[in-house]
Amino acid sequence: MKNILIILCLLIAKTAFGQSNPSVYIKNATYLDVKKGKYVTGVNILISDDQIIDIGKKVAKPAGAAELDATGKFIIPGLIDAHIHFFQSGGLYTRPDAIDLRDVRSYDDEIAFMHENLDNTLDRYLKVGITTVYDVGGPMANYEIRKMANEKEVAPNVFLTGPLVSTYQPKAFEIEDPPIIKVHTEEEAREVVRKQLPFKPDFIKIWYINLPDLTADQTFKLIQAAIGESHKHDLPVAVHATELSTAKLAVKAGANFLVHNVDDEPVDQEFIKLLKDNNVTLIPTMIVAGKYSQVFSQDNHLTTADFKYADPFVLGSLFDLQHITGKDDMIQKYKDYSVKGQSRLANEDAMRKSNLKALFDAGVKIATGTDAGNVGTQHASSYYEELEWMKASGMTNLDIIKASTINAAEILGKSQLGSINKGMQADLVITNIDPLKEINFVDGIEYTISAGHLIKTDTLLADTPEVLAQKQLNAYNARDIEAFLEPYAEDVKIYQFPNQLSMEGKEAMRKSYSGMFERITNLHCELVNRIVQGNTVIDHESVIGFGEDRFEAVAVYKIKDGKIAEVYFIR
């Protein structure tokens, strides 16, 4: 009895004297009313615990609240990526059904990495202003991912589902806990849904594709059965359907949202009417297909956001095809196929853009999603490239922000998310760049507020010495001079070991390396081994591009004040 009284007293004290998450008072705010499509200026916003308590010109600061002056800044709702996969890293080894390199890196190691690296991944989303993610399918272990995210003090909202219901299962996923489960009968389709019910999925996902020997028409009743069972338990259903005929069937079967755009032919009035009549939202996922092609053709087009905000070690794996040994024939086949497929991919990209414009112009509801985690599509950083593709398709910045906030929230009926109003969950992005003028505003994000927690984004994921070394290595392999120079101090000194100064200052590096990057198109540095000792990183490197033979070198990077200050080369 005594212990119970103590616990009750503690609970009363916590309620009376404030939560662990302090109140936040934002003064002089300019925020975007996404429903009205305009900024509201000169107001104050009071946040307590995880909610927006009040908004207005006369809202006063309560005692003890943290204060933020938002003069000159722009506030928008927290962004939502409505299509990601936590079981995939975005690296080269993450989809053995697409390219099987399990004898180079085991699939068990890949899955374990994503679990062990979850905190890092979640922080990356917050760093770029994404406060909510929808994981659109993975193994049953996905539910443990959601539990881990929910137990983290500060994290994005995570909504997810388990294995995809499908009429096809790649051989590589014939494993104990597969992300895709093949069904043969209507009862099997229902059972995949029922199996997930004890874990409380937020929705169900179906992979609906045409096969040469098993068409979408032939499997329609299986899809109907899975959707019917889901709706019986009040679960929305997401469907992967990239062909016009299959997408139509998916909507007729009862899909609530489509997680890809149609890329095989122009959308027609029948499809548009189906989407609008059934209130189906479409997530176009514009960039994911092209990322596979870039990696396999060894022609990676990384963005500034990728270099800055993606996991640098995952990003580095995208260049591994240039040095993996014993698989030359396979790698060459992938490269040849990807290079030959460039015209086909260009046609599909053009179709995705024209179809997105047609759907949006017709009033179909669009939401933003990247399919992050797939080979080449990086968690968090890929979001802003997706936004740029949406803009290139004809959507305005305001349209895109609506797709990235309130439209995405409405997919799962999350009425507490997606806009800035009294009583809403306090998920906000505070940026120095006006998103209505510049859709790639990620570098301007100064604060993210996640469920009331005020986060200064430059405090998330500070660059360690090893990260700095990896970032410059990634940019070297991408031959991107600006990204390469970014980790270096302005007065960096480059030595030939032990003490022969060969270069000093960033501008000298720019002059030397930019010419090299332009001339040597097959330049590649393989990291053979790395030792990290305090602020010193020692890399054993194997380099190709200088003549017929590769050469070995050791680079010693010395870090000072968060930048590479000195480099010693030993050859």
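Predicted model: local features only at pLDDT ≥ 70, side-chain atom pairs only at ≥ 80, totals over all residues.

Trainee: In which order do the 6 strands of the open sheet lie?

Mentor: Strands of a sheet pair through backbone hydrogen bonds, either parallel or antiparallel. Helices (H or I, at least four residues) and strands (E, at least two) are DSSP runs, numbered from the N terminus, and two strands pair if DSSP finds at least two bridges between them. Here the order is S19-S18-S23-S22-S21-S20, with mixed pairing. S19 (500-504) and S20 are the edge strands; each has a single partner strand, so one side of each has no neighbour in the sheet. On average, neighbouring strands are turned by 25° against each other, direction ignored. For such angles, axes are lines fitted to C-alpha atoms, for helices over the stretch in contact, and angles run from 0 to 180 degrees between N-to-C directions.

Trainee: Over how many bridges do S22 and S23 pair?

Mentor: S22 (residues 547-560) and S23 (residues 563-570) are joined by 7 bridges, in the antiparallel sense.

Trainee: Which strands does helix H17 touch?

Mentor: Contact means heavy atoms within 4.5 Å. Helix H17 (residues 465-478) packs on the sheet and touches S18 (488-496), S20, S21 (536-545), S22 and S23, its direction making about 175° with that of S20. Helix H19 (residues 506-519) also packs on the sheet, touching S18, S19 and S23, at about 65° to the direction of S18.

Trainee: Is Arg530 buried or exposed?

Mentor: Buried means under 20% relative accessible area, exposed over 50%, and partly exposed in between (1.4 Å probe, protein chains only). Arg530, in strand S20 (residues 524-533), is buried because its relative accessibility is 14%. For contrast, Asp234 lies in the loop between helix H6 (220-232) and strand S12 (237-240), and Asp234 is exposed at 71%.

Trainee: With which side chains does Arg530 make polar contacts?

Mentor: A polar contact is a pair of N or O atoms within 3.5 Å; within protein, one must be able to donate a hydrogen and the other to accept it, and residues adjacent in sequence count only if both atoms are side-chain atoms. The side chain of Arg530 has such a contact with that of Gln470 at 2.9 Å, and another with that of Asp539 at 2.7 Å.

Trainee: Why is the pair of Phe484 and Phe517 called edge-to-face?

Mentor: A pair of aromatic rings is described by the distance of the centres and the angle of the planes. Rings of Phe, Tyr and Trp (its six-membered ring) pair if their centres lie within 6.5 Å; planes under 30 degrees apart count as stacked, over 60 as edge-to-face and the rest as tilted. The count here is 18 aromatic pairs. One of them is Tyr107 with Phe173, with centres 6.0 Å apart and planes at 45°, so this pair is tilted. Tyr107 is buried at 9%, and Phe173 is buried at 0%. Phe484 and Phe517 have centres 5.5 Å apart and planes at 80°, so their pair is edge-to-face. Both Phe484 and Phe517 are buried.

Note on methods
Residues numbered from 1 in each chain as written. Heavy atoms only, no water.
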